[in-house]
Amino acid sequence: MHNIKYICSYWGCQNKSAKEFLNFVVQNGYQGVEINFLDDANFVTEFLSELQRIRETIDSEFVFIAQQVLGSAIETVEEYIQKLIQRLQFLITLKPDYINSQTGKDFFDFSENCKILNLTELISKESGIPIWHEIHGGRFSFHLKTLLQYIEVFPKLNLIADFSHFCTI
């Protein structure tokens with residue numbers, strides 16, 4: 001039997017400070033957070049401090065998932081890889097339980113995205129932090145049919161699905 005944990009994403013809560021967001025999460029019964037950090041050192045410091053307080057006083061198993069989401073850009077594979085490495089190294093310093101990565105680009109070819117996936121696997125292994133790859137438009141995983149090729153090469157690929165991407169009105 002699996003233990004289901006309900007995680008609250010910071011997406012849609014960007015108007016809240018780190019402390020306000022984490023208090024909202026706890027008050028509403030979530031057991032963790034998923035967050036893509038903006039370039040704001042004060043926010044990150046406040047977040048980590050409040051996260052530590054929650055884990056020490058409320059829930060020692062409170063889950064912290066850091067998101068790796070790079071902005072849209074037309075760039076070479078090498079430029080993308082440099083930005084990806086910098087972002088993942090930063091996230092690793094925050095000691096999340098997991099990293100949810102919107103990995104690669106849909107316009108990179110198969111071998112280029114495989115190079116990126118190999119790199120993320122190496123970073124995950126070296127850091128000890130699992131990296132999950134979100135099935136997402138614009139990324140290597142943009143289409144389920146082509147995703148099967150990656151699964152053949154990476155049979156233990158950790159995938160995460162945002163089910164809102166599969167819903168229509």
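Gln67 is buried, with a relative accessible area of 10%, where buried means under 20% relative accessible area, exposed means over 50%, and partly exposed lies in between (1.4 Å probe, protein chains only). This residue belongs to strand β3; helices (H or I, at least four residues) and strands (E, at least two) are DSSP runs, numbered from the N terminus. The structure is a predicted model, in which local features need pLDDT of at least 70 and side-chain atom pairs count only at pLDDT 80 or more, while totals for chains, interfaces and linings use all residues. Residues are numbered from 1 along each chain as its sequence is written, and side-chain values use heavy atoms, with hydrogens and water left out.

What does Gln67 touch, once residues up to four places away in sequence are not counted? Its contacts (heavy atoms within 4.5 Å) are Glu34, Ile35, Asn36, Arg87, Leu91, Asn100 and Glu134. With Glu34, the side chain of Gln67 makes a polar contact of 3.4 Å. A polar contact is a pair of N or O atoms within 3.5 Å; within protein, one must be able to donate a hydrogen and the other to accept it, and residues adjacent in sequence count only if both atoms are side-chain atoms. A polar atom of the Gln67 side chain also lies 3.3 Å from the backbone nitrogen of Asn36.

Strand β3 is part of an open sheet of 6 strands, in the order β1-β2-β3-β4-β5-β6, with parallel pairing. Two strands pair if DSSP finds at least two bridges between them. At the edges stand β1 (7–9) and β6 (159–161), each of which pairs on one side only. Neighbouring strands of this sheet are turned by 30° against each other on average, direction ignored; here axes are lines fitted to C-alpha atoms, for helices over the stretch in contact, and angles run from 0 to 180 degrees between N-to-C directions. The parallel strands β1 and β2 are joined by 3 bridges, and Ser9 stands opposite Glu34 in β2. Helix α2 lies across β2 and β3, and runs at about 155° to β3.

We can turn next to the nonpolar residues. A nonpolar core is a set of buried Ala, Val, Leu, Ile, Met, Phe, Trp, Tyr and Cys residues joined through side-chain atoms within 4.5 Å. In the largest such core, which has 34 residues, Phe21, Val33, Phe37, Phe47 and Phe64 touch the most other members. Two or more residues each are given to this core by α1 (18–27), β2 (32–35), α2 (41–57), β3 (63–68), α3 (77–93) and α4 (110–127), and the largest share, 7 residues, comes from α3. Leaving aside neighbours within four places in sequence, Phe64 is in contact with several residues, including Val33, Phe37, Phe47, Leu51, Leu94 and Lys95. Another core, of 8 residues, lies apart from the largest one, and among its members are Phe140, Leu147, Tyr150 and Phe154.

Lys95, one of the residues in contact with Phe64, is found in the loop between α3 and β4 (98–101). Although Lys95 is not a glycine, this residue has a positive phi of about 55°. Lys95 is exposed, with a relative accessible area of 63%.

Side chains of opposite charge can pair when their charged atoms come close. A salt bridge is a side-chain nitrogen of Lys or Arg within 4 Å of a carboxyl oxygen of Asp or Glu, and the structure holds 5 of them. One of these joins the side chains of Glu50 and Arg53 (2.6 Å, N to O). Both residues lie in helix α2, 3 residues apart, about one turn of the helix, yet Glu50 counts as buried at 6% relative accessibility, whereas Arg53 is partly exposed at 33%.

Lys105 counts as buried, at 3% relative accessibility. Through these shared partners, Glu75, Lys83 and Lys105 form one network.
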